[in-house]
Protein chains: 4
Amino acid sequence: MNQTSPSDPDFESRIRASFDQQGVMKTIGAHLAQVSPGEVRIELPWSKAVTQQHGFVHAGILSTIADNACGYAAYTLMPAGSEVLGVENKINFLAPAKGERFVSVGRVIKAGRTLAVCSGEVWAYDNGKETLVAVMQTTMMALVK
Amino acid sequence: MNQTSPSDPDFESRIRASFDQQGVMKTIGAHLAQVSPGEVRIELPWSKAVTQQHGFVHAGILSTIADNACGYAAYTLMPAGSEVLGVENKINFLAPAKGERFVSVGRVIKAGRTLAVCSGEVWAYDNGKETLVAVMQTTMMALVK
Amino acid sequence: MNQTSPSDPDFESRIRASFDQQGVMKTIGAHLAQVSPGEVRIELPWSKAVTQQHGFVHAGILSTIADNACGYAAYTLMPAGSEVLGVENKINFLAPAKGERFVSVGRVIKAGRTLAVCSGEVWAYDNGKETLVAVMQTTMMALVK
Amino acid sequence: MNQTSPSDPDFESRIRASFDQQGVMKTIGAHLAQVSPGEVRIELPWSKAVTQQHGFVHAGILSTIADNACGYAAYTLMPAGSEVLGVENKINFLAPAKGERFVSVGRVIKAGRTLAVCSGEVWAYDNGKETLVAVMQTTMMALVK
């Protein structure tokens with residue numbers, strides 16, 4: 001891994017192919033909105049399928065899209081042929097996840113040879129109003145074959 | 001909240017009603033397996049709908065069922081008329097979530113008046129083999145109307 | 001608590017008085033470097049008294065100055081007469097804490113009525129080189145008498 | 001690393017030697033109370049040197065002794081010649097750290113080849129009363145030369 005630039009020029013197609021294999025992303029209706037070196041965004045429209053008991057997006061689904069954005073952000077900087085593995089994450093919920101769509105942003109804070117530390121955010125868009133609803137701090141691991 | 005026994009004798013029906021309103025639990029196919037004072041279990045069968053790129057259960061779905069078991073474990077000890085709110089959680093992933101079914105266990109470690117700290121586990125059952133695949137530590141909040 | 005401006009105009013003297021009562025800050029040789037609304041900095045010179053086995057600053061001391069900066073950052077926005085209580089924190093260690101001095105920065109991300117979520121950083125200064133050595137995400141609680 | 005038994009028969013002397021080199025443990029007055037395979041205990045008497053503003057032990061010092069017990073618990077299972085590195089930790093504070101002495105317990109939950117996940121506890125002893133004041137979940141890394 002290199003902290004500033006991807007060693008694999010095909011990082012975006014590698015990540016899009018991996019994302020497309022994730023059954024859960026189809027299930028919740030999320031898609032990859034942006035794949036840049038060290039930063040990935042995932043967009044999720046609201047649907048009843050992802051709600052908790054009050055009709056807002058479930059905390060676990062916020063974790064899912066934040067963790068996924070962080071994992072792929074780390075993966076942009078990992079070498080071709082590697083796999084990315086989630087070691088752990090921590091998320092704080094700041095406000096009810098109320099809105100018509102949600103965007104998670106994952107950014108690499110520090111990419112080491114084996115581990116990468118990333119920060120994640122989840123933003124809610126509700127009738128033109130933008131609210132930060134969750135922040136994540138997470139560790140990802142590169143498995144190099 | 002009381003650390004050892006529920007103040008609301010109807011805690012189980014309150015939790016089952018809340019769980020049934022969560023769209024996401026239907027979507028992923030999870031059900032409440034046990035509701036006891038200070039401890040809740042949620043069971044999730046494997047399905048393609050909850051997978052990551054290698055066909056195992058996605059980390060975010062492990063977070064979802066662990067967080068939900070912890071939240072409802074805390075909720076068993078909260079008073080009638082209250083709501084439970086997830087403040088934050090932290091999860092470590094210990095092994096690939098490989099198996100035909102998964103059980104999350106949420107337990108209250110300490111229930112205060114406003115905040116409850118819970119620990120969560122996710123177990124994978126794979127052809128008769130039981131593996132601990134994730135551990136969680138989380139804070140829940142009681143909103144008393 | 002108010003997210004953008006302190007309700008207590010005397011927040012700085014309140015925080016300096018509290019800091020001065022902390023035996024541990026004297027013990028490790030730390031001092032308050034900056035107290036602004038929603039942001040606090042603490043400075044710690046290197047000394048053998050705070051080291052781990054390789055002579056770098058111990059991870060727990062990085063936690064101590066990061067947690068303290070976050071707690072006081074939250075406290076700047078809490079009302080007069082309140083107390084600040086640490087609910088939990090999560091810290092990632094990014095690089096060895098090598099240097100002649102260290103600065104922790106605590107910033108409020110979201111201040112609610114009862115809980116505040118803060119982010120913390122610890123920077124090492126080593127012969128003119130600045131390195132981010134730790135990042136923290138934490139929850140603080142206001143106890144209003 | 002091996003999950004159940006140390007590969008290095010001299011793990012205890014290795015850990016005691018490392019602990020003795022930590023300036024911070026002398027500074028706060030902590031000592032190693034127990035070193036077993038996968039479990040380590042550290043004891044800290046109360047002193048003004050480790051207090052926060054109300055005279056209780058500072059949250060950061062609870063983190064310090066919990067993190068250290070977890071790190072050395074992981075280190076018991078690492079091979080001779082390796083180093084242990086703290087990747088991250090998360091701690092919840094359950095009660096004021098009031099008492100005349102404090103014991104942190106670190107236990108290995110899962111030891112992999114590179115990473116170990118540990119859980120930590122801090123207990124307060126106050127006039128014969130034992131209280132769990134903090135729980136930690138942490139990741140440690142083996143650096144094998």
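In the predicted model, helix α1 (residues 11-20) of chain D packs against helix α3 (residues 59-76) of chain D, with axes that come within 9 Å and cross at roughly 145°. The crossing of α1(D) and α3(D) is right-handed. On the side of α1(D), the contact is made by D:F11, D:I15 and D:F19, and these residues meet D:Y72, D:Y75 and D:T76 of α3(D). When the residues of this helix pair are divided by class, five are nonpolar and one is polar, while no charged residue takes part.

Between chains, the contact of chain D with chain B draws on nine residues from chain D and nine residues from chain B. On the side of chain D that touches chain B, the elements giving two or more residues are the strands β3 (82-93), β4 (101-111) and β6 (129-144) of chain D, of which β6(D) supplies the largest share, three residues. The composition of this side of chain D by class is four nonpolar, three polar and two charged residues.

Within chain B, B:P6 lies in the segment before α1 (11-20) of that chain. B:P6 counts as buried because it has 20 C-beta neighbours inside 10 Å, the cut-off for a buried residue being 20 or more. If residues up to four places away in sequence are not counted, B:P6 touches B:F11, B:P37, B:T76 and B:L77. The C-alpha atom of B:P6 is also separated by 9.6 Å from that of B:A80, a residue 74 residues apart from B:P6 along the chain.

Note on methods
Residues are numbered from 1 along each chain as its sequence is written. Chains are lettered from A and ligands numbered from 1 in the order in which they are written. This is a predicted model: local features need pLDDT of at least 70, side-chain atom pairs count only at pLDDT 80 or more; totals for chains, interfaces and linings use all residues. Two residues are in contact if their C-beta atoms, placed from the backbone, lie within 7 Å. Helices (H or I, at least four residues) and strands (E, at least two) are DSSP runs, numbered from the N terminus. Ala, Val, Leu, Ile, Met, Phe, Trp, Tyr, Cys and Pro count as nonpolar, Asp, Glu, Lys and Arg as charged, and the others, Gly among them, as polar. Axes are lines fitted to C-alpha atoms, for helices over the stretch in contact, and angles run from 0 to 180 degrees between N-to-C directions. A crossing is left-handed if the near helix is turned anticlockwise from the far one by less than a right angle, and right-handed if clockwise. A residue is buried if 20 or more other C-beta atoms lie within 10 Å of its own, exposed if 12 or fewer, and partly exposed in between; C-beta atoms are placed from the backbone.
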